[in-house]
Each structure stands twice: as structure tokens, then as C-alpha cells.
Amino acid sequence: MTHTTPISPAPHSDPASKASPQSPSTPEPMAVTPRLWALVPCAGNGSRSGAAGPKQYTVLGQKALVLHTLEALAAVDRLAGIQVVVSAGDPFFDTAPQPQGAPVFVADCGGSTRAASVLNGLSALLAQGAQPLDWVLVHDAARCLITPADVNRLIDTCKDDPVGGLLALKLPDTLKQEQGGRVAATLDRSDKWLAQTPQMFHIGALQAAYVAAGDAVTDEASALEFVGQSPRLVDGSAQNFKVTYPQDFALAAAVLAARAGHSL
């Protein structure tokens, strides 16, 4: 796969970065229809997964977990390209096969947090020709059960939205509040959603939001919320879960095996 030059983000304390042309209030003019890009942060170590190494490289169904993710994204023909963000010196993609469909680019600029990796990845996208008003769909490498239909539903819903949005799932279970290991309260779940990915926003707006919000935010929607925006919620799928714990690998492998015998 093609490697891009590592790009370092502007420091969060740099006033110039907040007044850049990529700010939501002063976007660069676009002469053409905004393109669609995917960005896959892939620099985590998966400490909760119990895997021997980074969980995104664990083999499921004869290929690494992340390759299932990339194959699904590459099958979305509206994507201009897919930027994968890995840690410096990560050799996995040196020999990984290029999926059919949208081209995959690899940037060796992963940060110490997910937010830092995404921010670096946005800089890499802009450096290789993406524009601030282009859309970027940020997707977790460990959500290997995403389908092209899920991604296209997100695009169709958000492509004309002034902010953008994310796949999410209405909370299906009773929600408890805990105190000292015991139930303290049962919370109303009627307005609660589980955030998923992809999350789709304009590159410039997302970059500026991350610069403002810092490393503490755990997803793109949180960064946009930090600067006062309200992302749109788009119905996701229960199968689009993030492989996080040891038992998740078996469940993901079972779903992939079932899909192998059926067309999506």
C-alpha cells in the first residue's frame, strides 16, 4: 500500500491554528463538489482485547481484522481514498494486499491517543490534496463488521447536512447508574444512543474542532459538540460493534463466517 509523509498537527495552544482557513467559520471556497474520504486510525495497542499484539492485526477468517474493515470501506465506490494512520515504524502494511476499490494510503503518524491519530491523519489527507470542505468518514479499525450498505446510508443521510453525523444505535438495554458496585438508579434510555463509526464531517471543521477540544475527546462527534455543533444521528447496526474484549473476537469471526455464505 502507498505510504504518505508523516504530518504533525499544530499545537492545541497555537492561536494561528484556530484562525486557519480550515476553521468552520472561514472555510476555503470550493470550485467542485466535495469529495468523500475515509480515515482509519490504526495505531492503538488494544490493551483490553487480550490479544498478543495490536488487536487490529489479529487474524479472523484467514486475514487480519483490519483488512476486513478496509475491504468493506474500499467497496464504497463514492470514496476517493482511504487514509490509514499507523504508528511510526509499523511494518504491517508494507506487505498487506491492496483491497479492490477505493485506494488505500498509509500514514506513519499515529499519536499516543485516538484523537491525536485522527488529527494527524486529517493533516496527512490535506497534505496529499484533500480540501477542507471535503467530507471525511472516520472509522475504527476494530469495527470490522461494517458493511458498504451501512456506509452508504450514512453518506446519503449526511451529504447535504450542514454539520454531518454518525452511525449510532438506540440503546437496547435497561441503563443502570452505579455507585460502589451497586445500582444507584435506573436511567431513562429513550433518548440514549450508542455511538458507532463511521462518523462523517467536513475535514476542515473536524480538524478545527479537534484542535479546540484536545486529546480528551473519544470520538469525532464529541469534538464537534465541544465547539457547539449537533451532529446528526443515523441508524446503525448491532453487528457494527467494536472488537474490544477477548470474547468479541469469537463473535466477530462467527458473523464473518456466516456472511461468507450469504451476499450482503
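Author: Buried means under 20% relative accessible area, exposed over 50%, and partly exposed in between, with a 1.4 Å probe and protein chains only. This is a predicted model, in which local features need pLDDT of at least 70 and side-chain atom pairs count only at pLDDT 80 or more, while totals for chains, interfaces and linings use all residues. Residues are numbered from 1 along each chain as its sequence is written, and side-chain values use heavy atoms, with hydrogens and water left out.

Reader: Is Tyr-57 buried or exposed?

Author: Tyr-57 is buried, at a relative accessible area of 17%.

Reader: How many aromatic pairs does the structure hold?

Author: There are three aromatic pairs. Rings of Phe, Tyr and Trp (its six-membered ring) pair if their centres lie within 6.5 Å; planes under 30 degrees apart count as stacked, over 60 as edge-to-face and the rest as tilted. The ring centres of Tyr-57 and Phe-92 are 4.2 Å apart and the planes are at 15 degrees, so this pair is stacked.

Reader: Where do Tyr-57 and Phe-92 lie?

Author: Tyr-57 is in the loop between strand S2 (36-41) and strand S3 (59-60), and Phe-92 is in the loop between strand S5 (79-85) and strand S6 (104-107), so the pair ties together parts that are 35 residues apart in sequence. Helices (H or I, at least four residues) and strands (E, at least two) are DSSP runs, numbered from the N terminus.

Reader: And how do the rings of Phe-92 and Phe-93 pair?

Author: Their centres are 4.9 Å apart and their planes at 85 degrees, so the pair of Phe-92 and Phe-93 is edge-to-face. Phe-92 counts as partly exposed at 23% relative accessibility, whereas Phe-93 is buried at 0%. Tyr-57, Phe-92 and Phe-93 form one aromatic cluster.

Reader: What is Leu-70 in contact with, beyond its neighbours within four places in sequence?

Author: Its contacts (heavy atoms within 4.5 Å) are Met-1, Val-40, Ile-82, Val-84, Phe-93, Pro-99 and Val-104. Leu-70 lies in helix H2 (residues 65-74) and is buried, at 1% relative accessibility.

Reader: New topic: at what angle do helix H3 and helix H5 pack?

Author: H3 (residues 114-127) and H5 (residues 203-213) pack at about 140 degrees, with their axes 10 Å apart. Axes are lines fitted to C-alpha atoms, for helices over the stretch in contact, and angles run from 0 to 180 degrees between N-to-C directions.

Reader: Which residues make that contact?

Author: Among them are Val-118, Leu-122 and Leu-126 of H3 and Leu-206 and Tyr-210 of H5.
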